[in-house]
Amino acid sequence: MTATETPATTAEDLLARVAVPQGREIREPATGAVLGHAPVQGVEDLDAAVAAARAAQPGWAARGHEERSQALLRMADRVDALAEPLARLLAREQGKPLNGPNARFEVGACSAWLRATAATVLEPQVVVDDGTTRAELVYRPVGVVGAIGPWNWPLMITVWQVAPSLRMGNAVVVKPSEHTPLSVLALISLLNEELPEGVLSAVSGEREVGARLASHPDVDKVMFTGSTATGRKVVESSAGNLARLTLELGGNDAGIVLPDADPEAIAEGLFWGAFINTGQTCAALKRLYVHDSLYERVVDALAEVSRRMPMGLSLDEDSVLGPLQNKQQFDVVARLVEDAEQRGGRIVTGGKPATELGELFFPITLVADLTDGDPLVDEEQFGPALPIVRYSDVEDAIASANRLDVGLGASVWSSDPAAARAVAERLQAGTVWINSHGSVHPMVPFGGVKSSGYGLEFGVEGLKSVAVPQVISAASPTVAPTA
Ligand code: NAD
């Protein structure tokens with residue numbers, strides 16, 4: 001480094017901005033080392049953040065779309081400028097590796113979503129213009145948005161909630177997951193460099209802070225991403241404040257491999273559909289139904305891909321799979337796999353904790369010969385274990401896919417586009433992918449049905465969800481009003 005160069009910002013620098021000497025201890029899932037301490041804020045801090053948001057929101061709304069879009073673009077620049085330290089902090093706190101569809105990918109998505117949201121326009125809609133009346137549907141900011149997030153994709157999901165909210169002129173109070181607060185606080189501190197005081201804040205606290213945010217009388221909209229159980233509590237809270245809700249909840253996505261699929265060609269797509277973020281993804285493939293005629297070939301091809309995907313420490317450049325983020329989730333996966341084995345499930349790969357890697361590592365576990373009703377099939381595992389179920393009649397596979405009370409995503413795998421489409425139309429899920437699973441795009445609406453939640457994120461629909469519609473109905477001055 002020459003005398004004129006400033007040292008590059010590191011993950012430690014970002015951490016130093018947000019960590020506190022005493023607070024909630026955050027350990028790195030991969031190594032168990034203490035990463036730092038997160039502030040433990042309480043409901044009084046939350047109340048103060050909501051009051052500041054309420055005060056700041058009108059001024060932010062008054063800036064207009066163009067200015068707010070420009071601010072989002074500058075936020076994206078800031079994320080890009082510190083992408084590497086952000087990714088390293090995320091990797092250490094969340095556990096996901098740097099490479100593969102993991103930490104660097106997630107930070108890249110934050111910037112991509114900020115840019116796409118800046119460029120998305122929600123035009124007023126003329127709904128009637130008949131010579132006597134001109135009625136227009138316009139969208140106003142909803143006010144103060146409460147954004148409550150999970151620990152699996154903490155940065156990306158925060159941006160999914162924050163970017164459209166800010167774009168539409170709202171102020172936002174973020175409640176990060178208590179498992180991954182530090183990287184979210186670091187992200188918010190970067191975004192705040194482009195925002196007036198009070199418009200965006202994060203309150204790092206325990207679950208009661210989330211509960212207070214959801215029920216706060218001065219919160220107008222809650223964007224909640226997390227489990228279905230907590231989502232139900234958010235719905236109950238909304239009876240008090242009548243907050244509008246977007247609920248992105250749990251899922252148990254089914255994939256159906258039709259008899260004409262090519263097992264070797266689809267294996268890698270199936271693998272990442274199931275195991276992106278080491279399976280800790282809302283819309284991951286969580287149960288796979290494969291036609292009897294190619295069942296063993298699909299199992300073998302998936303096993304072959306699984307064996308060559310390296311799992312390891314988050315900061316190891318070779319890893320593309322990492323640990324479970326927390327002990328609670330590790331225990332869920334371990335319990336479901338053990339149960340599946342006891343029920344006669346055939347463990348094709350994995351099966352036992354990968355203790356040689358660390359306390360929270362569980363290897364990619366493919367379990368064949370399970371059936372509907374087995375807990376690994378029916379419950380959301382949210383980790384690196386995939387049940388593979390055999391079917392012989394596609395009607396049965398469709399019925400299996402639809403039989404659970406969740407409907408986030410689903411997929412159909414086939415070499416015949418028309419056959420795949422016909423099956424896709426019959427699946428009860430917010431998104432059905434054909435020959436892929438789980439890919440999202442900033443312009444393509446995303447949301448669940450049934451107990452996976454309601455409301456849409458992304459694109460124009462996503463902007464509508466953080467706005468309130470208003471009709472402006474103008475009578476022609478030459479026409480007398482009716483009684
Ligand atoms: P969780 O429900 O335990 O926690 C989510 C957030 O809610 C946390 O910030 C938590 O502090 C907060 N919270 C806790 N109690 C609350 C209450 N009473 N009111 C309001 N907020 C409260 O979920 P998790 O374990 O962090 O995340 C995993 C789950 O999230 C999985 O089921 C997964 O499928 C789901 N998920 C869904 C999506 C989606 O887009 N549909 C995306 C990611 C994760």
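How many salt bridges count between domain 1 and domain 2?

Mentor: Happy to! This is a predicted model, so local features need pLDDT of at least 70 and side-chain atom pairs count only at pLDDT 80 or more, while totals for chains, interfaces and linings use all residues. Residues are numbered from 1 along each chain as its sequence is written, and side-chain values use heavy atoms, with hydrogens and water left out.

Between domain 1 and domain 2 the count is one salt bridge (a side-chain nitrogen of Lys or Arg within 4 Å of a carboxyl oxygen of Asp or Glu). Arg104 and Glu317 form a salt bridge through their side chains, at 3.0 Å from N to O.

Now the setting. Domain 1 covers 11–249 + 452–470 and domain 2 covers 253–434, with bounds from an automatic or database domain assignment. Their centres, taken over C-alpha atoms, are 30 Å apart. In contact (heavy atoms within 4.5 Å) are 26 residues from domain 1 and 28 residues from domain 2.

The two domains bury about 2200 Å² between them, with carbon and sulfur atoms giving 56%; buried area is the accessible area (1.4 Å probe) that two parts lose on being put together, summed over both. Of the area that domain 1 buries against domain 2, Ala30, Trp151 and Ser452 supply 24%, more than any other three residues.
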